[in-house]
Amino acid sequence: MSATPRYPLATSSWVADEYAALARVTASGRFSMGPEVRAAERQFADFLGARHTVMVNSGSSANLLMVGALMYRSEGALAPGDEVLVPAVSWPTTYYPLHQYGLRQVFVDVDLDTLNYDLDALAAAVTDRTRAVMTVNLLGNPNDFDRLQAFCDERGLLLIEDNCESLGATYNGRQAGTFGQMGTYSSFFSHHISTMEGGYISTDDDELHHLLLALRAHGWTRDLPEENLIGGRKNPDPFMESFHFFLPGYNVRPIEMEAALAQVQVARLPEFIEGRRRNARTFLEVVGQYPQLRPQRETGESSWFGFSMIVDPGAGVDRRTVLDALDAAGVEYRPIVAGNFTRQPVLKHLDHRISGELKNAEVVNDHGFFVGNQEKDLTRELAVLDEALGRCLDRR
């Protein structure tokens, strides 16, 4: 691939307002978590229509706190050895927090069109040890939450969402990430909003909110309201509450710069999502010319993190041929997230079992890839993609 790609995976979305937000923080002299973070949390909760959001230093940390909060709640807490259903295709930090809290993961196949759960395969994965479903909205695409919520409700299972790739996606008009007990989001550079590093957890549950606040900063009570659902009423003497620890927590706090950037980026988020959806319409027109390729099928209203394609293994052309053509044209690409995660060497360290044969995850792993999407107009870049595909594939 050329040194300067003609179609990069991502570029910066920052304009003058983002740099002004950074300057506001540097002028204030306050850099560690403070009023900017609180303002960003209120704004993001309003955007989602959620009761609470907690900002953290990454989407990966958001997943860690989300799982941790379920281990410490007063009723119905998860316990080591409980089973949690997970999709076989996702990013590593979907899985690692479950392992780190001693939970057993059950890998379930995905649907070849949506790249989310094969919902018919979920039922076969349930045992009497199953307690929760970790759902992942992959590459911007929401799950079918009508079916998924009914599935969990019928079996008394907890539902949590890894929505780190799908900020701004909606299902029946409701924001993805707000269907389960908690949902997580990422604001890493290449995601829908960019705060350098960063993430959020959303919840409507007051106790889970208090647990998240404590877990975010050392397990202490300092950031909790006076009346809280972890330790009750706080000591009126601030000195006594300075170092008062209730939970084995972390330090995954965001900084004020990230929160200032978030406020600007979330204000621009509706235009970002609309831009990504416009690009998706063009992408689907391009890829629709090539019967050898299967694009991701939208469920609800995707926010189109990227544009995935699966090369039909029976079409007489292999993935490497297509990728070589993209290289020659200067188109950047990646695997579809981490592929079939059960084929990753790290799996030997995770307590797990595999439900079924994961046939579709294998196809994704061996024949899939994706190219980038952004908020800006990608008409020119998608023409480059079309040109590259036309060199190695037959049009309809």
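**Figure 1. Helices α3 and α4 cross in a right-handed sense.** This close-up comes from a predicted model, as do the other views here. Two packed helices are described by the angle between their axes and the distance between the axes. For α3 and α4, the axes come within 9 Å and cross at roughly 35 degrees. On the α3 side, look for Ser 60, Asn 63, Leu 64 and Val 67; α4 answers with Thr 93, Thr 94, Pro 97, Leu 98 and Gln 100. Sorted by class, this contact has four nonpolar, five polar and no charged residues.

**Figure 2. Eight strands make an open, mixed sheet.** Reading across, the order is β1-β9-β8-β5-β4-β2-β3-β14. The edges belong to β1 (52-56) and β14 (352-354), each of which pairs on one side only.

**Figure 3. Strands β4 and β5 pair in the parallel sense.** Five bridges link β4 (residues 130-136) to β5 (residues 158-162).

**Figure 4. Strand β8 is enclosed by the structure around it.** Five of the five residues of β8 are buried, so this strand is largely enclosed by the rest of the structure. In a regular strand the side chains alternate between the two faces of the sheet. In β8, Met 182, Thr 184 and Ser 186 point one way, while Gly 183 and Tyr 185 point the other way. On one pairing, β8 runs parallel to β5 over three bridges, with Glu 161 opposite Gly 183. On the other, four bridges join β8 to β9 in an antiparallel arrangement, and Ser 186 has Gly 199 of β9 as its bridge partner.

**Figure 5. The largest nonpolar core has 37 residues.** In soluble globular proteins, nonpolar side chains tend to be buried together. Here, Leu 103, Met 134, Met 182 and Ile 201 have the most contacts inside the core. At least two core residues come from each of β1, α3 (59-72), β2, α4 (92-100), β4, β5 and α7 (206-216). Helix α3 gives the most, with eight residues. Zoom in on Met 182 and you will find contacts beyond four places in sequence, including Met 66, Leu 70, Ile 160, Ile 201 and Leu 212. Apart from this core lies another, of 27 residues, among them Phe 283, Val 287, Phe 307 and Val 311.

**Figure 6. Three strands form an open antiparallel sheet.** The order is β12-β13-β15. Strands β12 (293-295) and β15 (368-372) stand at the edges with a single partner strand each, so one side of each is left without a neighbour in the sheet. The twist averages 30 degrees from one strand to the next. Three bridges hold the antiparallel pairing of β12 with β13 (residues 306-311), and Pro 295 stands opposite Met 309 in β13. Helix α10 (residues 319-329) packs on the sheet, touching β13 and β15, and its direction makes about 20 degrees with that of β15.

Technical notes
Residues are numbered from 1 along each chain as its sequence is written. This is a predicted model: local features need pLDDT of at least 70, side-chain atom pairs count only at pLDDT 80 or more; totals for chains, interfaces and linings use all residues. Side-chain values use heavy atoms; hydrogens and water are left out. Two strands pair if DSSP finds at least two bridges between them. A nonpolar core is a set of buried Ala, Val, Leu, Ile, Met, Phe, Trp, Tyr and Cys residues joined through side-chain atoms within 4.5 Å. Buried means under 20% relative accessible area, exposed over 50%, partly exposed in between (1.4 Å probe, protein chains only). Contact means heavy atoms within 4.5 Å. Axes are lines fitted to C-alpha atoms, for helices over the stretch in contact, and angles run from 0 to 180 degrees between N-to-C directions. A crossing is left-handed if the near helix is turned anticlockwise from the far one by less than a right angle, and right-handed if clockwise. Ala, Val, Leu, Ile, Met, Phe, Trp, Tyr, Cys and Pro count as nonpolar, Asp, Glu, Lys and Arg as charged, and the others, Gly among them, as polar.
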